[in-house]
Amino acid sequence: MERIIFHIDVNSAYLSWTAVERLKNSETNEPDLRTIPSIIGGDLASRHGIVLAKSIPAKAYNIHTAEPVPSAMRKCPALTVIPPDHSLYDRYSKRLMALLSGYTPDIEKLSIDECFLDFTPIKRLYASPIAAAETIKEDIKNQLGFTVNIGISSNKILAKMASDFTKPDKIHTLFPNEISEKMWHLPVDDLYMVGHSSASRLKSLGIRTIGELAHTDPAYLQTEFKSHGKMMWEYANGIGDDVIHSEIRELKGIGNSVTLREDAVTKETAYKVLLSLAETVSERLRNACQIAQTVTVEIKYSNFSSYSHQMPFFTPTNTTEEIYRTSLRLFDELWNGSPIRLLGIRTAKLLPDDTPVQMSIFDFTSKEEHAPSKLDAAIDSIRQKYGPNSIVRGSFLKSPNEYRPKSP
């Protein structure tokens, strides 16, 4: 089975994360840093340091990452300069990885703002890799406030190259049969792991594009560049590793949330959304062979204030009915009647589904109590065979799309 790898890269991470945080904490009509000429880097008072990240409007002034801040300010005297805050970046990076780990534990962090994700084990839950990438991209935007690029391919090097195509907020594929069309015309400078000195040396040898590099004798490149020459030739030909070396050894939680197309103002509407979310979360738990000990319901109101309540299950579970029933109790305790912008359900304190558990006095039978119900098992089987939308509850048939069960 061919692997499908995603490379997820935050668009101008340092600047995006700073912009989101400033907007969240601002009590004035402060502009979004992403919409004005701005950079992260150096110190405004001393005018020292280099550009670590830049906005798209700053890019229009020909400002480059890693150039000195004084040079950038000469190009754009009205440039807004924000010093770096690495503790802030670390917090946002952890939030991103936590959100992604709700989809799959098969994540390899490449840097603070990018990672690889193995889509292969969860592909049955989605109509296509692009549909899944769109869901992930929009969830990041809606829940965390910033945008990402996602590259899709059969190995890590091609997925990484794909995510570097046009930005921001884009999804690109680069499968082996697309290499000649999408990658070989690019300059050698654009190939991953080809630095400035290697690119200069290649150009002096008459090798200016990735395609020309791909068609150069690898033995010649190895003579000129040692082992780096062989690696550059392999990357130019799309040859690379497809194994995700995950640092996340166990799932901490599985959840899902949805930003509604229109604010929910009635309990009946909110209940439909919670049922959709309960179906999604329970299916993901069963797919991961996990049972949950706690569940949390989150509400974000139209004024962007957020509140959540959590409670344990009597017995660890992964059934739709139990997650839905408990979520309704939490919602009823939490909702203050205001219009709802976002609803979310998250399960935590996960255990393997074959873990022996202490039964409550309300559980009358055996170890099968926390296994999937026959209905859940039948629905999982049908969706696995015929697709995620092959079976839909009757209560969703005339509802807006965002209230229907979704893939995670």
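Biologist: Which residues of α4 are buried?

Modeller: In this predicted model, burial means under 20% relative accessible area. By that cut-off, the buried residues of α4 are Leu88, Tyr89, Tyr92, Ser93, Leu96, Met97, Leu99, Leu100 and Ser101.

Biologist: How far apart are the end C-alpha atoms of helix α4, and what span should its 16 residues have?

Modeller: Helix α4 covers residues 86-101, and at 1.5 Å a residue its 16 residues should span 22 Å.

Biologist: Which element supplies the largest share of the largest nonpolar core?

Modeller: That core has 39 residues, and those with the most contacts inside it include Phe6, Leu100 and Phe146. At least two core residues come from each of β1 (5-10), α1 (13-25), α4, β6 (114-118), α5 (129-144) and β7 (148-153). The largest share, seven residues, comes from α4.

Biologist: Which strands stand at the edges of the open sheet of five strands?

Modeller: The sheet has mixed pairing and the order β5-β6-β1-β7-β8. Each edge strand has a single partner strand, so one side of each is left without a neighbour in the sheet, and the strands in question are β5 (107-111) and β8 (171-173).

Biologist: What angle does the direction of α4 make with that of β5?

Modeller: β5 pairs with β6 in the antiparallel sense over four bridges, with Ile107 standing opposite Leu117 in β6. α4 packs on the sheet, touching β1, β5 and β6, and its direction makes with that of β5 an angle of about 160°.

Methods. Residues are numbered from 1 along each chain as its sequence is written. This is a predicted model: local features need pLDDT of at least 70, side-chain atom pairs count only at pLDDT 80 or more; totals for chains, interfaces and linings use all residues. Side-chain values use heavy atoms; hydrogens and water are left out. The expected span of a helix is 1.5 Å times one less than its number of residues. Buried means under 20% relative accessible area, exposed over 50%, partly exposed in between (1.4 Å probe, protein chains only). A nonpolar core is a set of buried Ala, Val, Leu, Ile, Met, Phe, Trp, Tyr and Cys residues joined through side-chain atoms within 4.5 Å. Two strands pair if DSSP finds at least two bridges between them. Contact means heavy atoms within 4.5 Å. Axes are lines fitted to C-alpha atoms, for helices over the stretch in contact, and angles run from 0 to 180 degrees between N-to-C directions.
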